[in-house]
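Please keep the sequence and the model in view while reading.

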Amino acid sequence: VQLASVTDSSFLFTRMLNFNAPPLKNTAAEPVWKVLIYDRFGQDIISPLLSVKELRDMGITLHLLLHSDRDPIPDVPAIYFVMPTEENIDRICQDLRNQLYESYYLNFISAISRSKLEDIASAALAANAVNLVTKVFDQYLNFITLEDDMFVLCNQNKEQISYHAINKPDIMDTEMEGIMDTIVDGLFCYFVTLGAVPIIRCPRGNAAEMVAVKLDKKLRENLRDARNSLFTGDTMGAGQFSFQRPLFVLADRNLDLATPLHHTWTYQALIHDVLDLYLNRVSLEESPGSEASPAGARPKKKSKKSYDLTAADKFWQKHKGSPFPEVAESVQEELDTYRAQEDEVKRLKSIMGLEGEDDGAISMLSDNTAKLTSAVSSLPELLEKKRLIDLHTNVATAVLDHIKSRKLDVYFEYEEKLMSKSTMDKSLLDIISDPDAGTPEDKMRLFLIYYITSQQPPSEGDLEQYKKALIDAGCDLSPLNYIKQWKAFTKMAAAPANYGNSGVKPMGLFSRVMNTGSQFVMEGVKNLVLKQHNLPVTRILDNLMDMKSNPVSFIPPPQTLQTFLLLAIVFVVGGGNYIEYQNLVDYAKAKQGKRVMYGCSELFSATQFMKQLSQLGQK
C-alpha cells in the first residue's frame, strides 16, 4: 500500500523544485540554481520536510518570503510556492512588473480560481512578461506532514479553525461554513496527494458530520468530471491507490475532552506538553553560564537553542513513543557506548606515539595503524552520534526538570486511575492543596479530567469545596465553567467516552540511571510503565475496522465496509494531540499488515487547549 506520507509530500516537493519534472536519478549532474519564494503557509509545509542542506542540494541558492523586500536577480529562475490569496497574487503581479527574475514557476498550495489566474495573465501582459511565466501549477499540498503517519491542516491563522472558533456560542452560520470549507479544502488536498477516494465514516450530529458531508460532495463533484478528475490516470498524486480505498474516520474533539488535558508519560508527547515543540523543532532556554556577572552589570539573558527532531534521527524514531524512564536509560546507554568508542580512539592515539624499534613494537604499530585508520574513517559518524546524544541529553534533562519540579509522574498516574475508574490511594483534594505538586494549570487539568470522566458530577457542596481549593492554589476557573456546560449538553446528547482498562504499573527502581555516574538524577521519580489501552478515538476506529457493535451512531452505517481494509485515517475536527497519535501508532502495531494514520485540524498542547477552554468559559 502506497501512502500519502512524508515520502509522498517530499517526492512532490522534489519534483516541484525540479521545475515540476521528475527528479533525475543521476545526481552527479550539477543542479540548476534557482530561488524559492514562499509565503508563511508554504514555509510551514516545507519546514518539517526538507532541511536547508537538502534545499541547497536541489539547487535552491536563496529561499525568501514572498512579502519581504527582495532584490532583482535577473538571470535566475524563481519557483513560487504560495496560497492563492488576493494579497499574494498582487505581490506576484508586482514581481512581474519589476522583472525580478529570469523566469517564473508559479505553484499554488491550493487550487487557484479562474478570476485570479486572469489577474496574473493581465499583469504579465501589461509588464510584457508573458513569456517569463513558464508554468502555473495547482499543487494540492495544503496540509503539513509532521510524521510518516501524521498530518495537521494548518499553523498560520489556526485560530480561525480552532476548537474555540467551532464551539463559541455566538458563532454565525456563515462563519461556520467558512471554517468547514477551510478544513475540507485541506482534506481534499490530502486525498489528492494520497491518490485515493476514501470511504468516509463519522459520528452524527457535530462539526465532524458537517465536514464529512462537504468533503463527500467535493470528492463526488471532482469524480463526476472525468476529463479533469484529480483521481484518475496521470493527474493522480504520487501514491496511487488503484485497487484500495482507505477508511477515513472523522471524529469530533467533543467526543473526548479529557485526553488533550491529560499529563502524559511518553517522550514525544511530554516534549510537546512541557517544552516548546513547533513543526518538529524543539526550543530550549539555555541558562547562562555559571560565572557570575560583574557587579553592576546586567544579568545575562537566557539564550534559546533549537533542535530538529527528524526522521533521520534513529534514536528519536525508536524512542519517541517510549515511556520517559526508558528514554532516560537509553540516552545513558548511548552515552556510555559513545564514551567507550571515544576512549578507544584516544588510547590508539597514545599508542601511536610508541618509541623503540623492536619487532613487537613495529607489528603492534601496524596493527594499531589499521585500527586507528578505521577509527578515523568512522569519525564523521561518531561526531553525528555525539550531536544526537547531546541533543537528547539536553532535551530529556529539560523534560526531567519539569517532571521533578511539578511531580508530573504523580499527576500522570492519578489521571490514568481516574480515566480507568481504578481505586485511588490519595484524595483529589490532597493533590490540589499540596503546594509542592505542580502549577495551578496542572491542578486545573487534573480536576477537569476528574469532572469530565466522573459518571455523576460532584454534589454542589463538594464542588464548592473543590473550587475553594482551586482558587487558593491560584487556578483560573473559566475552563470549568465551560466544561460544566459541555457536560450538561453531552449528557443529553451521547454516552460518556470510554477510556478503557488503562492503567500504569510501577516497576522497580531504575537500574542504569540510578547509578551515581548517570546524566539523569531520577531520584524521587516513579518508574511507571504503560499498559496498552485504547483511547475513545482509537476505540471508534477499532469498532469500525473489526465491524464490532458501536455505541456511536455513524453516517453512513458501518455495515457496508469492506473487511479487507489495509489503511485507515483518523482525523479529529477541533484539534488533536500526540497522546492520541501515539495511542493509534501502538494500536496499529498490533494489527498486522494494516496502517493507521492520524490527522487533526490543529495540533495543540494542553496549555494551548486550556486557553481555548478559558476563553469559552469567560462570563
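## Surface and overall make-up

Accessible areas come from the Shrake-Rupley method with a 1.4 Å probe. On that basis, the accessible surface of the protein chain in this predicted model amounts to about 29700 Å², and 53% of that surface belongs to carbon and sulfur atoms. The protein chain has 619 residues, of which 52% are buried.

The secondary structure of the protein chain consists of 21 helices and 17 strands. When contacts between residues at least 6 apart in sequence are considered, 78% of these contacts join residues that are at least 24 apart.

## A patch of negative charge

On the surface, a patch of negative charge is formed by Glu86, Glu87, Asp90 and Asp119. Helix H4, which covers residues 86-98, supplies the largest share of this negative patch, with three residues.

Asp90 belongs to helix H4.

Is Arg406 buried or exposed? Arg406, which lies in helix H13 (residues 379-406), has a relative accessibility of 12%, and because buried means under 20%, Arg406 is counted as buried.

When neighbours within four places in sequence are set aside, Arg406 is in contact with Val274, Tyr411, Ala437, Gly438, Thr439, Asp442 and Arg445.

Terms used. Residues are numbered from 1 along each chain as its sequence is written. This is a predicted model: local features need pLDDT of at least 70, side-chain atom pairs count only at pLDDT 80 or more; totals for chains, interfaces and linings use all residues. Side-chain values use heavy atoms; hydrogens and water are left out. Patches are made of residues with over 30% relative accessible area and no salt bridge: like charges are joined within 9 Å, nonpolar side chains (Val, Leu, Ile, Met, Phe, Trp, Tyr) within 5 Å. A salt bridge is a side-chain nitrogen of Lys or Arg within 4 Å of a carboxyl oxygen of Asp or Glu. Lys and Arg count as positive and Asp and Glu as negative; His and the chain ends are not counted. The place of a charge is taken as NZ of Lys, CZ of Arg, CG of Asp or CD of Glu. Helices (H or I, at least four residues) and strands (E, at least two) are DSSP runs, numbered from the N terminus. Buried means under 20% relative accessible area, exposed over 50%, partly exposed in between (1.4 Å probe, protein chains only). Contact means heavy atoms within 4.5 Å.
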